[in-house]
Structure formats: structure tokens, C-alpha cells
Amino acid sequence: MSNDGEHRRDQGTVFDRPGEPRTRGSIPTPALICDLGLLLENIRRMSQLTRSAGVALRPHVKSHKSAYIARHQLDAGAVGLSFAKLAEAEVVVERLAEDDVPVSVLLTSPIVGSASAERAAHLARRCELIVVVDHVDGVNELDLALATSDAGISVVCDVDVGLGRTGVTGPESALEVVERIERSPRLHFAGVQGYGGHLQHLAGRDQRREATIESNSRLVSVIDVLESAGHPVTLRTGGGTGTSGIDLELGILNELQAGSYVFMDREYRDALGADEEGRFAQSLTIATTVISANQSGFVTVDAGLKSMATDAGPPAVLGREDAVSYHFFGDEHGLVTNPPNGRFIRGDRLELVPPHCDPTVDRYDDLWLVDGDVVVGVVEVTARGCSQ
Ligand SMILES: Cc1ncc(COP(=O)(O)O)c(C=O)c1O
């Protein structure tokens, strides 16, 4: 969405209309705030880690849903982008095309039905498209959709490595899917996906490493069967922030799909602690204002259930994690305990570390970019609500 024809909100342009906030403390709350320096350092660090391990990085856009951040990731060397949903990919590809940025897209969830397959065929005319499939019917649908198109689609066989959410459940069904892909002149078999979502938040690096090895063994058994049957498995994609360092060490995956590392969140911080996978900065916060301070022991802030995803518990209060705690206080409000040696007053501003970044970002139209106390830009959450 362009703004006034002059400002491109996906490019991080600061509004210059009278009254637009210029300081962090004047952004209307609740608001989603990102420290630009920390974000760019996270992007640089993951790029450098993957590059030195000889593994490609295809960051997952589901975490930030922002064409602006995707552009930074591509500029830092990402080979392409991962998307959960067609609609996310459609809108971000369109934004990037406005700046002539070519992109390779991986759709990491299977799509179902002729309408979705036709949308994929349409998208494939605008970018390199790789789609995961976990059933022969999915291959049939893509093949049919491409029959009247001059585009081609690369197909990856999604393998269940223990999460149980999607993916073929063993080598026989993988072979069936891949043989069907190979019979289509319009489809190209690219490789396998093994995403261990159940591993990402396992606390304790040794435990996470052991579980990752076990989960990889499922992927390797599929790869072995496919290769013995004459189907080279070129692409081995998967992984998230929580297993990133382990995936790079083990070398089974040759492409990493990590997403949350750009922001991190309270849930990841609690699970990863000081482990190397946790050494990404907390760049995302929710700014909130104390709207009532008439009670003793706590104040009421303007960020409640509507301001963040709540599946991972309450947020932490930035910089005061040990002194005060946040409690949900209804749709529009939160309760923050008063610190023992200080007192919040009406009008005070606090920042909360979101419990779970991806679904929190999806609740906001805007992402404010700050450098310390200075607002350096505001960008649209390009793919907000694009869940179909
Ligand atoms: C298929 C897939 N790949 C990669 C990721 C990124 O994981 P993370 O955000 O933990 O880095 C996700 C996140 O849910 C995912 O579903």
C-alpha cells in the first residue's frame, strides 16, 4: 500500500506530516516497535552464520510479514524467502517487484484444491516458485493448473520429521509423491523439506541436539530411499531459530528457514537462555501507556488481549523483567505490578517483550522503526492478515 503517492510505507519512510511522531515516546500506543539496529544485527548475524557453514538461508516471512524486512534479508544474502501461505507470498512478491527485486519463493505448507493450485501457477509467472507437497493429489492439482500456463513450478516433498503437522509419514509415500512429480513435464522435483517445529523450543541445548538428530534420521531415511531409486535430492530445506546452530553443525539440511531470529520473543528467550541459538537480540516490543494508577500495587496499561498473541503466556516488561510483572486484564488492558522501589504513574510508558512474535506482528498495520529514542521510520506489516 503506497501512501499519498509520495511515501512508500514498505520502504520505511518517516511520515513528514505535521504531528507525526518523531520520538519513541510519542508513538500512539499500543504500538509495535522495532529497534532497527538490533534487527539489522540479527539479520547480519544469521547471514554470516549460515554463510560460514555453507548452508543457504531462506528466512521465513511468517515471522515479520514485512516486505521491508524481507528486502534487508535478501540484501544480506538470503537465497530467497519462505512463506506459510499463498496470500503472504502474493503480496510480498508484488511489493518487491515494484523495486525490481527478483525473489525465489518457497511455500512451506501444502496447498489444497484447484483454486489454490491456479493461484500458485499465476504466482509462478512472477517469481521462481517452489511448493511443498505431501500427497499425490497435491501434485495432480499443480500439474493440472500448469496445463494452460507457460510457467513451471519446482516441487519439494514435505516429510514429517516428528511434528506430525504435515508431510509424508515415510519413504514409501515419499517415493509415490516424487514419482508422480517426475512424470509431469511442467513440474521439477527439487528436494525435501523436514521442519521440526516440535524441536524449536526444547529447553537445554543437549536435549535439543539429541532430538534434532533423531528427527533428522527420519529425513535421511527418506533421502536414502529417493536417491537409491534414482531421484537426486538436491534441496534439503527446514529448520528454525531454535535449532539453527545445531542444524548448521549437523549438516543434513542445506537450506535454513529460520524466521523468529529477526525479532526473538519471550518464549524463545526463556527456552534458549544463553545457548548460541538464543544469541539474537530482542528487537521487537509493544509500547504501552499507563492509563490508570489509582490502585495500590498495580497500574493498568492500554495493551491487553487484542495487542498480542497470548498462546505463550504473558509478555515481559522490557528492562524490568525481575522487578515487575504483566498480567492480562481483558481485551484492551493489562495489569502491571508496581516495582517495590518505585511507582508508575498515569501517563508512564512501558515496553513489553511479546510472548510470541509471529502472531503478535499479525495484529498490527504498522511497524515503527526506532534508533534509541528517535523514530527512524514506519513500515507496513505488508502481509498482515494474509492467511489464505
Ligand atoms: C515450516 C516452517 N519453517 C520455518 C519456521 C521458522 O521457525 P522460527 O520462527 O522458529 O525460526 C516455521 C515457523 O513456524 C515454520 O512453520
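What covers the buried residues of helix H4 includes helix H3 (86-98), strand E7 (128-133), helix H5 (136-146) and strand E8 (153-158). Contact here means that the C-beta atoms of two residues, placed from the backbone, lie within 7 Å. Helices (H or I, at least four residues) and strands (E, at least two) are DSSP runs, numbered from the N terminus. The model is predicted: local features need pLDDT of at least 70, side-chain atom pairs count only at pLDDT 80 or more, and totals for chains, interfaces and linings use all residues. Residues are numbered from 1 along each chain as its sequence is written.

H4 spans residues 114-123, and its buried residues are Ser116, Ala117, Ala120, Ala121 and Leu123. A residue is buried if 20 or more other C-beta atoms lie within 10 Å of its own, exposed if 12 or fewer, and partly exposed in between, with C-beta atoms placed from the backbone. Viewed down the axis of H4, the buried residues fall within an arc of 160°, so they line one face of the helix. That arc is taken over the directions from the helix axis to the C-beta atoms. Exposed residues Ser114 and Ala115 are carried on the face of H4 turned away from its buried side.

## Domains and their contact

The domain assignment divides the protein into domain 1 (2-34 + 280-380) and domain 2 (36-264); such bounds come from an automatic or database domain assignment. The C-alpha centres of the two domains lie 32 Å apart. Domain 1 gives 19 residues to the contact and domain 2 gives 20 residues.

On the side of domain 1 that touches domain 2, at least two residues each come from helix H10 (357-361), strand E18 (366-371) and strand E19 (374-380). E18 supplies the largest share of that side, four residues. By class, the side of domain 1 that touches domain 2 holds eleven nonpolar, four polar and four charged residues. Ala, Val, Leu, Ile, Met, Phe, Trp, Tyr, Cys and Pro count as nonpolar, Asp, Glu, Lys and Arg as charged, and the others, Gly among them, as polar.

## Parallel sheet

Two strands pair if DSSP finds at least two bridges between them. E4 is joined to strand E11 (residues 255-256) by two bridges, and Leu57 stands opposite Leu256 in E11.

## Antiparallel pairings of E12

Strand E12 (residues 284-292) pairs in the antiparallel sense with strand E3 (residues 31-35) over four bridges, where Leu32 stands opposite Ile286. E12 also pairs in the antiparallel sense with strand E17 (residues 349-353) over four bridges, and Thr289 stands opposite Arg349.

Two bridges join E12 to strand E13 (residues 298-301), which run antiparallel, with Ser292 opposite Thr300. E12 and E13 form a hairpin with five residues between them, and Gly297 in the turn has a positive phi of about 95°.

Of the 15 residues around the ligand, Gly240, Thr241, Gln257, Gly259 and Ser260 come nearest. A residue is near a molecule if its C-beta atom, placed from the backbone, lies within 6 Å of it. The shell divides into two nonpolar, twelve polar and one charged residue.

Glu276 lies in the loop between helix H9 (266-272) and E12. Glu276 is partly exposed, with 14 other C-beta atoms within 10 Å. The C-alpha atoms of Glu276 and Thr243 are separated by 9.8 Å, although the residues are 33 residues apart along the chain.
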